[in-house]
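Take a look at the sequence and the model, then read on.

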Amino acid sequence: QVQLVESGGGSVQAGGSLRLSCAASGRSLSIFTMGWYRQTPGKPRELVATITATQLTNYVDPVKGRFTISRDTARNTVYLQMNSLKPEDTAVYYCAMGSPSAVLAAKVDWGQGTQVTVSS
């Protein structure tokens, strides 16, 4: 069974940067689509970015040009580099692993998430 462990969250001021990591164990992520979601209290989990097994990336409009998703197959880890952070980026961030349709539908197993807090 795959286990995902997110890390790298923290508190930063607006305009700052953070790099999130998601380490996968139990299964190689090499053939899977990976994604990052985020969730704020009272709201559904929303997709932020995805990267396919062939390195194709996709981002939601609010983070385009500021966030970069990448993957390191040797480390079985996916990253989310977040620059020019805004207070509205504040959320718990989760990574997802699965087929493209499963990741887009959020029909995946979740890790514990990592909190990102951006102050103005």
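**One residue and its contacts**

Not counting residues up to four places away in sequence, Ala53 touches Ser30, Ile31, Phe32 and Arg71. Contact here means heavy atoms within 4.5 Å. This is a predicted model: local features need pLDDT of at least 70, side-chain atom pairs count only at pLDDT 80 or more, and totals for chains, interfaces and linings use all residues. Residues are numbered from 1 along each chain as its sequence is written, and side-chain values use heavy atoms, with hydrogens and water left out.

**More on Ala53**

- Ala53 lies in the loop between strand S5 (46-51) and strand S6 (57-59). Helices (H or I, at least four residues) and strands (E, at least two) are DSSP runs, numbered from the N terminus.
- Ala53 has a relative accessible area of 36%, so Ala53 is partly exposed. Buried means under 20% relative accessible area, exposed means over 50%, and partly exposed is in between (1.4 Å probe, protein chains only).
- Arg71 is 18 residues from Ala53 along the chain, and their C-alpha atoms are separated by 9.0 Å.

**The disulfide**

- The model has one disulfide. The term means a pair of cysteine sulfur atoms within 2.5 Å.
- Its partners are Cys22 and Cys95, with sulfur atoms 1.8 Å apart.
- Cys22 lies in strand S3 (residues 18-25) and Cys95 in strand S9 (residues 91-98), so the bond ties together parts that are 73 residues apart in sequence.
- Are the two cysteines buried or exposed? Cys22 is buried, at 0% relative accessibility. Cys95 is buried too, with a relative accessible area of 0%.

**Aromatic rings**

- A pair of aromatic rings is described by the distance of the centres and the angle of the planes.
- Rings of Phe, Tyr and Trp (its six-membered ring) pair if their centres lie within 6.5 Å; planes under 30 degrees apart count as stacked, over 60 as edge-to-face and the rest as tilted.
- The structure has two aromatic pairs. In one, the ring centres of Tyr37 and Trp110 are 5.2 Å apart and the planes stand at 85 degrees, so this pair is edge-to-face.
- That pair links distant parts of the chain, 73 residues apart: Tyr37 is in strand S4 (residues 33-39), and Trp110 is in the loop between helix H1 (100-104) and strand S10 (114-119).
- Tyr94 and Trp110 also form an edge-to-face pair, at 6.0 Å centre to centre and 75 degrees between the planes. Tyr94 lies in strand S9 and Trp110 in the loop between H1 and S10, so this pair joins parts that are 16 residues apart in sequence.
- Tyr37, Tyr94 and Trp110 make up one aromatic cluster.
- Tyr37 is buried at 3% relative accessibility, and Tyr94 is buried at 12%. Trp110 is partly exposed, at 31%.

**Charges over rings**

- A charge sits over a ring if NZ of Lys or CZ of Arg is within 6 Å of the ring centre and within 35 degrees of the ring normal.
- Arg45 lies over the face of Trp110, 4.4 Å from the ring centre.
- The charged end of Arg19 sits over the ring of Tyr79, 3.9 Å from its centre.

**Strands and sheets**

- Strands of a sheet pair through backbone hydrogen bonds, either parallel or antiparallel. Two strands pair if DSSP finds at least two bridges between them.
- Which strands form the open sheet? The order is S1-S3-S8-S7, four strands with antiparallel pairing.
- Strand S1 (3-7) and strand S7 (67-72) are the edge strands, and each pairs on one side only.
- S1 and S3 are antiparallel and share five bridges. Ser7 has Ser21 in S3 as its bridge partner.
- Seven bridges join the antiparallel strands S4 and S9. Arg38 stands opposite Tyr93 in S9.
- S9 and S10 are antiparallel too, joined by three bridges. Val92 has Gln115 in S10 as its bridge partner.
- Seven of the eight residues of S9 are buried, so S9 is largely enclosed by the rest of the structure.

**Positive phi values**

- Most residues other than glycine have a negative phi, and most peptide bonds are trans.
- Gln55 has a positive phi, near 75 degrees, and is not a glycine. Gln55 is in the loop between S5 and S6 and is partly exposed, at 47%.
- Ala106 is not a glycine either, yet its phi is positive at about 60 degrees. Ala106 is in the loop between H1 and S10 and is partly exposed, at 29% relative accessibility.
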